[in-house]
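Work through the exercises below with the model open beside you. Try each task before reading its solution.

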Amino acid sequence: MADQDTLPPSSRLLHWLVALFMLGLAGVGLYMSRSESWALYPWHKSLGVIALLFIALRLVQRLRLGLPEPVQPTSPALHRAARWAHGALLALTLLMPLSGMLFSGASGHGFGLFGLSLVPHQDDPARPGEVLPYNATLAELGQQAHHWLGYLLLALVALHVGAALKHHFIDRDRTLLRMLGRQAD
Ligand code: HEM
Ligand code: HEM
């Protein structure tokens with residue numbers, strides 16, 4: 001458990017790095033699927049697989065250190081709500097890349113890391129130019145999960161950013177400054 005005035009640099013680094021990956025990938029994901037920008041798909045998938053590495057590191061760290069304690073005493077109900085919201089955000093950071101990999105893998109489109117194939121593309125011999133799913137049911141599950149969990153993630157992040165701004169501008173406490181690494185006076 002970190003002390004109440006500071007957060008370990010590695011916690012802050014992982015928070016901002018994973019936040020950047022999640023927001024960037026959500027933006028690219030929404031754009032590429034609506035504009036049918038096929039060239040962006042391999043970038044989205046490769047960066048999503050890389051994000052999983054930092055997400056896993058962060059989860060291991062959270063399991064070891066627990067969630068940060070509030071900067072000042074707060075009502076038990078609010079404390080519980082914040083812990084649930086942070087727990088849900090952590091879970092969604094894991095479920096987003098996993099559902100994306102499930103969809104891309106099971107649908108036969110495949111995915112990899114900048115040209116290095118992890119699950120290969122599978123052509124349909126009966127229909128030239130089309131893909132043959134490895135498992136159509138799992139592909140559908142992965143796609144639906146990736147779509148709806150993506151919206152849930154964005155809604156929770158909006159709430160989360162709103163809460164951070166409330167701490168800073170209304171409560172005028174050190175919650176945001178602590179996550180930014182600013183020392184107490
Ligand atoms: C790591 C965090 C990730 C985030 C936050 C993210 C987010 C998103 C979002 C918001 C969409 C738009 C979904 C829609 O509107 O239906 C999307 C689409 C997509 N994502 Fe991800 N994604 C991530 C990782 C991955 C990974 C690792 C893969 C595969 C290896 C992947 C594969 C895809 C594919 C194939 C689509 C297009 C879906 C379609 O055309 O229906 N994503 N992503
Ligand atoms: C501009 C965007 C963001 C801001 C301003 C922000 C701000 C903060 C702040 C101030 C805290 C510390 C809360 C405390 O001390 O109790 C925090 C913690 C946390 N944030 Fe964010 N955040 C942002 C984006 C994100 C995103 C995109 C995610 C996940 C997808 C996320 C997930 C978390 C989690 C799980 C915690 C709990 C502590 C930890 O795991 O490091 N945040 N955030």
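**Exercise 1. Find the protein donors of the iron atom of ligand 2, then classify the site.**

Step 1. In this predicted model, the protein donors are His15 (NE2) and His160 (NE2), lying 2.0 Å from the iron atom of ligand 2. Donors are N, O and S atoms within 2.8 Å of the metal (3.2 Å for Na, K and Ca); water is not among the atoms, so sites may look incomplete.

Step 2. Check the angles. The iron atom of ligand 2 has 6 donor atoms, with angles of 86 to 179° among them, and its site is octahedral. Six donors count as octahedral if opposite donors are over 155 degrees apart and all others between 65 and 115. The ideal angles for six octahedral donors are 90 or 180 degrees.

Step 3. His15 belongs to helix H1 and His160 to helix H4, so the pair links distant parts of the chain, 145 residues apart. Helices (H or I, at least four residues) and strands (E, at least two) are DSSP runs, numbered from the N terminus.

Before going on, note the conventions. Residues are numbered from 1 along each chain as its sequence is written, and chains are lettered from A and ligands numbered from 1 in the order in which they are written. Local features need pLDDT of at least 70, side-chain atom pairs count only at pLDDT 80 or more, and totals for chains, interfaces and linings use all residues; side-chain values use heavy atoms, with hydrogens and water left out.

**Exercise 2. Describe the surroundings of ligand 2.**

Step 1. Count the shell. Ligand 2 is surrounded by 22 residues, each with a heavy atom within 4 Å of it. The closest are His15, Arg58, Arg62, His160 and Arg178.

Step 2. List polar contacts (pairs of N or O atoms within 3.5 Å). Each of these arginines has a polar side-chain atom by an oxygen atom of ligand 2: Arg178 at 2.6 Å, Arg58 at 2.8 Å and Arg62 at 3.3 Å.

Step 3. Sort by class. The shell around ligand 2 holds 14 nonpolar, 5 polar and 3 charged residues. Ala, Val, Leu, Ile, Met, Phe, Trp, Tyr, Cys and Pro count as nonpolar, Asp, Glu, Lys and Arg as charged, and the others, Gly among them, as polar.

Step 4. Name the suppliers. H1, H2, H3, H4 and helix H5 (175-179) each give at least two residues to the shell around ligand 2.

**Exercise 3. Which residues donate to the iron atom of ligand 1, and what else surrounds the ligand?**

Step 1. His44 is in helix H2 and His146 in helix H4, 102 residues apart.

Step 2. Of the 23 residues around ligand 1, Tyr41, His44, Gln143, His146 and His147 come nearest. A polar side-chain atom of Arg34 lies 3.1 Å from an oxygen atom of ligand 1.

Step 3. The shell around ligand 1 divides into 12 nonpolar, 9 polar and 2 charged residues. H1 gives the most, with 8 residues.

**Exercise 4. How many helices and strands does the protein have, and in what pattern?**

Step 1. The count is 5 helices and 2 strands.

Step 2. Along the sequence, the pattern reads α-α-α-β-β-α-α.

How values were computed. A polar contact is a pair of N or O atoms within 3.5 Å; within protein, one must be able to donate a hydrogen and the other to accept it, and residues adjacent in sequence count only if both atoms are side-chain atoms. Four donors count as tetrahedral if all angles lie between 85 and 135 degrees; four count as square planar and six as octahedral if opposite donors are over 155 degrees apart and all others between 65 and 115; anything else is irregular.
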